[in-house]
Amino acid sequence: MKIAVLPGDGIGPEITAQTLRVLDVLVRDGLKLEFESAPVGGAGYDASGDPLPAATLALCEKADAILFGSVGGPQYDALPRPQRPEQGLLRLRKHFDLFANLRPAVVYPELAHASTLRPDVVAGLDLLILRELTGDIYFGQPRGVRTTESGEREGFDTMRYTESEIRRIAHSAFQAARKRQRRVCSVDKANVLETTQFWRDVVTDVHDEYADVELSHMYVDNAAMQLVRNPKQFDVIVTGNMFGDILSDEASMLTGSIGMLPSASLNANNFGMYEPIHGSAPDIAGRNLANPLATILSAAMLLRYSLDQDEAARRLETAVRKVLAQGYRTADIAEAGRQTVGTREMADAVIAALL
Ligand code: IPM
Ligand code: MG
């Protein structure tokens, strides 16, 4: 099984390197994985003037799954949009039609204190945000900046969803809920936006095929509030690309650190790209400070969803739980005054927990 590894920028190279060390333990134990790396994002731009170099895309096409680090950095912010690091990520999502973005937010018992919310509000939290990833205002045309008839400049983007795009993500949500508590909350802004009223109608229609799953609807502003008021009311949240981007960052903080959250982006054939939901954190890059656990947990999702290696996935997840229980903490998840470990030492602890 071939895995394309795209470390990217900032802390991306460190966290993917440590994740590969962890995966090597599974390889030594007989799992047949082959890794090949290629530049993406700013690293792609530096290597060949393109955030998604043709050779990188070719490597991904031959692979069974993609492990992605993170992209972006201040040195690339002034580039024209097509050359910016984020375009590498957005083009990969679109190219492979990775429409279903799974962003689980789980609070580990040992980390309930690390949240800015009271431990009783977040302890035991286990929610899944299912974000549609290839449509919406992210990709809708037309977009741009134009000069109006009155001579004033105007910026514009277009929010759009086709029925088939909504149907397939709704099916994914109901199917995911069947493996959990069987509750789906669809988040929209149907009181204002036509596109999302249509979203609500189509999700309701698809629900007819899933009588065993409970469906509710919530406006996005209320959902943003409910996530900090009482996050445990949610099981699966399904929403569009833009709202999902925002709500998933919010949900990540319930868990204490964005450095803990993995994600999977899947197409209809379960081909997928796996990445931590945090960014490239240029401020701490190259200093052995980043938390590698979100990437290690992303690798677990890769094993489960794209390679059908549930056993190996569970082994990794159990090892992560174990190092947290043993007290290992990178700076982002440590209580004040507590001893911390670096990126490499955290990976060492996971490796030791696997042996
Ligand atoms: C994410 C990120 C990306 C997004 C950026 C880097 C383009 O914020 O994966 O959530 O907006 O989708
Ligand atoms: Mg985001």
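The side chain of R131 has an N or O atom 2.8 Å from an oxygen atom of ligand 1, a polar contact being a pair of N or O atoms within 3.5 Å; within protein, one must be able to donate a hydrogen and the other to accept it, and residues adjacent in sequence count only if both atoms are side-chain atoms. The protein buries 76% of the 320 Å² that ligand 1 exposes when taken alone (Shrake-Rupley areas, 1.4 Å probe). This is a predicted model, in which local features need pLDDT of at least 70 and side-chain atom pairs pLDDT 80 or more, while totals for chains, interfaces and linings use all residues. Residues are numbered from 1 along each chain as written, chains are lettered from A and ligands numbered from 1 in written order, and side-chain values use heavy atoms, without hydrogens or water.

Other contacts
- A polar side-chain atom of Y138 is 2.5 Å from an oxygen atom of ligand 1.
- For R103, a polar side-chain atom lies 2.8 Å from an oxygen atom of ligand 1.

Shell
- Around ligand 1 are E86, L89, R93, R103, R131, Y138 and D245 (a heavy atom within 4 Å).

Backbone
- The peptide bond from Q141 to P142 is cis, with omega near -5°.
- D136 is not a glycine, yet has a positive phi of about 75°.
- Most residues other than glycine have a negative phi, and most peptide bonds are trans.
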